[in-house]
Amino acid sequence: MNTLITPLQALKLAFGDGEYLPPSTFTEAQIAAAEERYLVPVVGRALHERLLAGACPELVAEHLAAPLALFVRLAAQPRLDIRTDRTGTAAPYTASGRPADAEARRRAMRSLRTEARALLRRAAAHIAARPDLYPEYDPRRDILNRCSTDGDLVQIR
């Protein structure tokens with residue numbers, strides 16, 4: 001599977017230095033799903049295909065990798081908050097730590113989503129300002145130019 005970033009890159013970008021998770025935390029399938037769900041509606045299929053082919057690595061590294069990694073974490077975080085084994089599904093509870101309550105998890109998810117969206121808007125603005133470098137990008141098809149959410153309000157233009 002071809003993705004813009006590797007699972008290890010996603011892990012390093014989505015989590016801080018003090019948060020240890022194994023390299024197998026994310027899969028290429030999760031990254032591909034996040035690209036399809038969040039990046040393609042913004043950059044368009046043609047530019048996405050060009051980026052997958054290896055063009056414009058600086059655009060990926062400097063503008064798209066960070067929001068993509070956060071969107072991958074956003075999708076995976078609910079499964080990271082629980083453990084599943086042969087006895088079923090449970091929240092981790094050890095002598096050294098307890099699971100966060102529902103409100104803390106909700107705030108963390110909201111914060112991740114806000115940061116990822118802000119970085120994606122920044123990337124879209126960068127792409128839109130350079131039509132000569134990214135001729136495949138069509139601002140009329142960019143979902144951010146047609147729809148936005150502000151709190152609980154969805155605005156369609």
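Me: Buried means under 20% relative accessible area, exposed means over 50%, and partly exposed lies in between (1.4 Å probe, protein chains only). What share of the 157 residues in the protein is buried?

Reply: This is a predicted model: local features need pLDDT of at least 70, side-chain atom pairs count only at pLDDT 80 or more, and totals for chains, interfaces and linings use all residues. Residues are numbered from 1 along each chain as its sequence is written, and side-chain values use heavy atoms, without hydrogens or water. Of the 157 residues, the buried share is 32%.

Me: Which pattern does the protein follow along the sequence?

Reply: Helices (H or I, at least four residues) and strands (E, at least two) are DSSP runs, numbered from the N terminus. The protein has five helices and four strands. Read along the sequence, they give α-α-α-α-β-β-α-β-β.

Me: Take contacts between residues at least 6 apart in sequence. What percentage join residues at least 24 apart?

Reply: Contact means heavy atoms within 4.5 Å. Among those contacts in the protein, the share joining residues at least 24 apart is 65%.

Me: How are helix 1 and helix 4 oriented to each other?

Reply: Axes are lines fitted to C-alpha atoms, for helices over the stretch in contact, and angles run from 0 to 180 degrees between N-to-C directions. The axes of helix 1 (residues 7-14) and helix 4 come within 8 Å and cross at roughly 90 degrees. Angles under 35 degrees count as roughly parallel, over 145 as roughly antiparallel, 65 to 115 as roughly perpendicular and the rest as oblique. Helix 1 and helix 4 are therefore roughly perpendicular.

Me: How many charged residues does the contact of helix 1 with helix 4 have?

Reply: Helix 1 brings Ala10, Leu13 and Ala14, and helix 4 brings Ala65, Ala66, Ala69, Leu70 and Arg73. Ala, Val, Leu, Ile, Met, Phe, Trp, Tyr, Cys and Pro count as nonpolar, Asp, Glu, Lys and Arg as charged, and the others, Gly among them, as polar. By class, the contact of helix 1 with helix 4 has seven nonpolar residues, no polar ones, and a charged count of one.

Me: At what angle do helix 2 and helix 3 pack?

Reply: Glu35, Glu36, Val40 and Val43 in helix 2 meet Arg45, Leu47, His48 and Leu52 in helix 3. By class, that contact has four nonpolar, one polar and three charged residues. The helix axes are 7 Å apart, and the angle is about 115 degrees.

Me: What is the relative accessible area of His48?

Reply: His48 lies in helix 3 (residues 45-52). Leaving aside neighbours within four places in sequence, His48 is in contact with Leu4, Glu35, Val40 and Val43. His48 is buried, because its relative accessible area is 3%.

Me: Tyr38 and Phe71 form an aromatic pair. What is the angle between the planes?

Reply: Rings of Phe, Tyr and Trp (its six-membered ring) pair if their centres lie within 6.5 Å; planes under 30 degrees apart count as stacked, over 60 as edge-to-face and the rest as tilted. By this rule there are two aromatic pairs. Tyr38 and Phe71 make a stacked pair, 3.9 Å centre to centre, with an angle between the planes of 5 degrees.

Me: Where in the chain is Phe71, the partner of Tyr38?

Reply: The pair links distant parts of the chain, 33 residues apart. Tyr38, partly exposed at 24% relative accessibility, is in helix 2 (residues 28-43). Phe71 is buried at 1%. Phe71 belongs to helix 4 (residues 57-80).

Me: How far apart are the end C-alpha atoms of helix 5?

Reply: The expected span of a helix is 1.5 Å times one less than its number of residues. For the 27 residues of helix 5 (residues 102-128), that should be 39 Å, which agrees with an end-to-end C-alpha distance of 38 Å.

Me: What is the phi of Cys56?

Reply: Cys56 is in the loop between helix 3 and helix 4. Cys56 is buried, with a relative accessible area of 10%. Most residues other than glycine have a negative phi. The phi of Cys56 is positive, near 55 degrees.
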